[in-house]
Amino acid sequence: MDNFTPYTALIGGGMIGLGAVILFVFSGRIAGISGIAGSALFSGDGRSWRLAFLAGVIAGPLLIATLLADFSYSTPELSWQVIVAGLLVGVGTGWGSGCTSGHGICGISRLSPRSITATVLFMFSGMLVATLLR
Amino acid sequence: MPIIIAFVAGLLMSAGIAYSQMIDPNKVLGFLTLNANWDPSLVLVMAAALAVYSTGYWLFGKKDKPLFAAQFSLPGKKDLDKPLVIGSLIFGAGWGLVGYCPGPALAAISSGSSGTLAFIAAMVAGWFISRKLAI
């Protein structure tokens, strides 16, 4: 477990929770990234706050890069695998009404049975596919 | 004001995704891949996010309305239906294939990586398909 990074995980996780709870307390909205992005693109009303949220999502890593000199991260190579994965993630979060943020953080905090079920299921199939492939 | 709140919320969430390294698909795959090098970091990311969010939610959620909006907009569905189950399983399969879920992929857009951009384009197509094709 030499790749375990407990401190950055806890601090980063706290920031994720703080951002999500700010949206709830001030705007009464669930901070589900797939739902916000999908609705910003494909439904008419409430587009402006959703686009502002997405602008923040894009800006976040740029902010961290200005604060931390050694910040870097890897990205996947372009491949058919990446395209298939993107399609599965899009269709799956669309049908499943959420992803790691909306179900995994907001929904579980609200003790929503749908979100707890969704999180158990995507964790299960994610671990299954990742472990079988490697 | 809702615009500024939404921007700050998105900024904090993705700064957290970046700082915790969850923006890096290899880091996420280190959690999803169960082997001798298993990396439990994602568990702590979730735990900290849940601790902060649930504290705020249970302290504030009993109020009549949010600070800057007329009412709370919470999901109304309660039943564990087929789209939820099938959709979540499909999402997990895509997540385990490459290590990207929607937040980290969108957060990494400024990398300009062709793999990241292709993933996002396919994910957007997937959102479109899910809205046109009900199961």
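Tutor: A crossing of two helices is called left-handed if the near helix is turned anticlockwise from the far one by less than a right angle, and right-handed if it is turned clockwise. The helices themselves are DSSP runs of H or I with at least four residues, strands are runs of E with at least two, and both are numbered from the N terminus. Residues are numbered from 1 along each chain as its sequence is written, while chains are lettered from A and ligands numbered from 1 in the order in which they are written. This is a predicted model, in which local features need pLDDT of at least 70 and side-chain atom pairs count only at pLDDT 80 or more, whereas totals for chains, interfaces and linings use all residues.

The model scores ipTM 0.97 and pTM 0.97. Chain B is built from 6 helices and 0 strands, and its C-alpha trace spans about 45 × 35 × 30 Å along its principal axes.

The contact between the chains, where two residues count as touching if their C-beta atoms, placed from the backbone, lie within 7 Å, takes 99 residues from chain A and 105 residues from chain B. On the side of chain A, the elements that give two or more residues include helix 1 (6-27), helix 3 (47-67) and helix 6 (113-133); the largest share, 21 residues, comes from helix 1 of chain A. By class, that side has 60 nonpolar, 34 polar and 5 charged residues, with Ala, Val, Leu, Ile, Met, Phe, Trp, Tyr, Cys and Pro counted as nonpolar, Asp, Glu, Lys and Arg as charged, and the others, Gly among them, as polar.

One pairing across this contact joins helix 5 (residues 102-109) of chain A to helix 3 (residues 41-60) of chain B, whose axes come within 8 Å and cross at roughly 40°. Axes here are lines fitted to C-alpha atoms, for helices over the stretch in contact, and angles run from 0 to 180 degrees between N-to-C directions. The angle makes helix 5 of chain A oblique to helix 3 of chain B, since angles under 35 degrees count as roughly parallel, over 145 as roughly antiparallel, 65 to 115 as roughly perpendicular and the rest as oblique. The crossing of helix 5 of chain A with helix 3 of chain B is right-handed. Among the residues that meet are Gly104(A) and Ile108(A) from helix 5 of chain A, with Tyr53(B) and Tyr57(B) among those from helix 3 of chain B; this contact comprises 8 nonpolar, 3 polar and no charged residues.

A second pairing sets helix 6 of chain A against helix 4 (residues 82-98) of chain B at an angle of about 35°, with their axes 7 Å apart. Helix 6 of chain A also passes helix 4 of chain B in a right-handed crossing, and their contact holds 16 nonpolar, 6 polar and 1 charged residues.

The unreviewed UniProt entry lists "transmembrane region" for residues 42-60, 80-100 and 106-129 of chain B; such positions are given in the numbering used here, feature names are shortened, and annotations may be inferred rather than shown by experiment. In the model, residues 42-60 of chain B are 100% helix and 0% strand, with end C-alpha atoms 27 Å apart.
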